[in-house]
Amino acid sequence: MFEFIRKRKEVTLVLGGGSARGIAHIGVLKVLEKERVQIDRIVGTSMGALVGAAYAVGIPLDRLEERAYKFSIKKLLDPTIPRIGLLAGDNLEKLIRDVIEDRGFEHCKIPLAIVTTDIEKNEEVIYKKGDLAKVIRASCSWPGIFNPVRLDGRLLVDGGIKDSVPTRIAKDLGSEYMIAVDVGFCVKHGKIDRIFDMIIQSFQIMGHELNRYQANTADVVIEVHLGDLDQTAFFRSREAVAKGKTAAENKIDQIKKDLGI
């Protein structure tokens, strides 16, 4: 009698945006690593691009977590003459290079795809090679807040504009089994009287609507419930990581059953 060995499904981990809320991705990764869920590809946008890239190039999660706890909005502030952005974005790129230890796509131990948006052509641009830090910076650059990134003849901004949780991109790349992490958005209710708050609120509303249609196309969605933790609340990063762990633990039995591990 022949014994047939079932081929393991290749797993794609899809990490959405969320800025401070996206720190929760670290907690999810800690659970997946502990439970020995092998990740074969990472697709990320915005903060998911940064956390996913750091993990893909081999930054240990404890070290990544320690660095995340030092993030703050103040470290990103580099005001510029507001032509197409309030902040230059140079401090953002410096932080990114520090987090990934200036490693590149060529150092990835896990294949990585990062989603950005060409704001001039209304096109998704997917990067799997190039200047990793520059590409992550583009994927994290909120339009109107950070200057966009001019790269390869394109004007690039936050990938979350079109793909807040880039499951469709993962499917196009050939995903067999997709785990998506949705950290949600914090849509507030109240008076808005600053341009910064106006732009942030706009992203929350847009992202909330996008997530309703995008995240649920994955095989498993790890939905992290972060309540009123907003995009700028980096001082609550420990809470975000803890809730990411809880959300992943709630789904881990289903994931292991699906994958036969």
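Reader: What share of contacts between residues at least 6 apart in sequence join residues at least 24 apart?
Author: In this predicted model, 76% of those contacts join residues at least 24 apart.

Reader: Where does Arg 21 sit?
Author: In the loop between strand 1 (11–15) and helix 1.

Reader: Is that arginine buried or exposed?
Author: Buried. Arg 21 has a relative accessible area of 3%, and the cut-off for buried is under 20%.

Reader: And which backbone oxygens does the Arg 21 side chain reach?
Author: One is that of Gly 227, at 3.3 Å. Another belongs to Leu 229, whose backbone oxygen lies 2.4 Å from a polar atom of the Arg 21 side chain.

Reader: Step back a bit. How many helices and strands are there?
Author: Eight helices and ten strands. The protein has 261 residues, and 55% of them count as buried.

Reader: How confident is the prediction?
Author: The mean pLDDT is 89. A value of 70 or more is reached by 86% of the residues.

Reader: Where is confidence lowest, and where highest?
Author: Lowest in helix 7 (residues 195–214), with a mean of 64. Highest in helix 1 (residues 24–34), at 98.

Reader: Helix 1, then. How does it pack with helix 2?
Author: Helix 1 and helix 2 (residues 47–56) pack at an angle of about 35°. Their axes are 10 Å apart. The crossing is right-handed.

Reader: Which residues make the contact?
Author: From helix 1, His 25, Ile 26, Leu 29 and Glu 33. From helix 2, Met 47, Gly 48, Val 51 and Tyr 55.

Reader: What's the split by class?
Author: Five nonpolar residues, two polar and one charged.

Reader: Now helix 5. Why call it largely enclosed?
Author: Helix 5 runs over residues 132–140, and eight of its nine residues are buried, so the rest of the structure largely encloses it.

Reader: Which ones are buried?
Author: Leu 132, Ala 133, Val 135, Ile 136, Arg 137, Ala 138, Ser 139 and Cys 140.

Reader: Switching to strands. Where is Thr 117?
Author: In strand 4 (residues 112–118). Thr 117 counts as buried, at 2% relative accessibility.

Reader: What does its side chain reach?
Author: The side chain of Thr 117 reaches the backbone oxygen of Asp 158, at 3.0 Å.

Reader: Leaving aside neighbours within four places in sequence, what is Thr 117 in contact with?
Author: Glu 123, Leu 155, Leu 156, Val 157, Asp 158, Gly 159, Ile 161 and Lys 162.

Reader: Last topic, backbone angles. What's the phi of Glu 101?
Author: Near 55°, a positive value in a residue other than glycine. Most residues other than glycine have a negative phi.

Reader: Where is Glu 101?
Author: In the loop between helix 4 (90–99) and strand 4. Glu 101 is partly exposed, with a relative accessible area of 27%.

Reader: And what about the phi of Asp 152?
Author: Positive, about 55°, although Asp 152 is not a glycine. Asp 152 is in the loop between strand 7 (149–151) and strand 8 (154–158).

Reader: Is Asp 152 buried or exposed?
Author: Exposed, with a relative accessible area of 60%.

Definitions and conventions. Residues numbered from 1 in each chain as written. Predicted model: local features only at pLDDT ≥ 70, side-chain atom pairs only at ≥ 80, totals over all residues. Heavy atoms only, no water. Buried < 20%, exposed > 50% of the residue type's maximum accessible area, 1.4 Å probe, protein only. Helix = DSSP H or I, 4+ residues; strand = E, 2+ residues; numbered from the N terminus. pLDDT = per-residue confidence, 0-100. Axes fitted to C-alpha atoms, helices over the stretch in contact; angles between N-to-C directions. Left-handed = near helix turned anticlockwise from the far one by under 90°. Contact = heavy atoms within 4.5 Å. Nonpolar A, V, L, I, M, F, W, Y, C, P; charged D, E, K, R; others polar. Polar contact = N/O pair within 3.5 Å; in protein donor to acceptor, adjacent residues only side chain to side chain.
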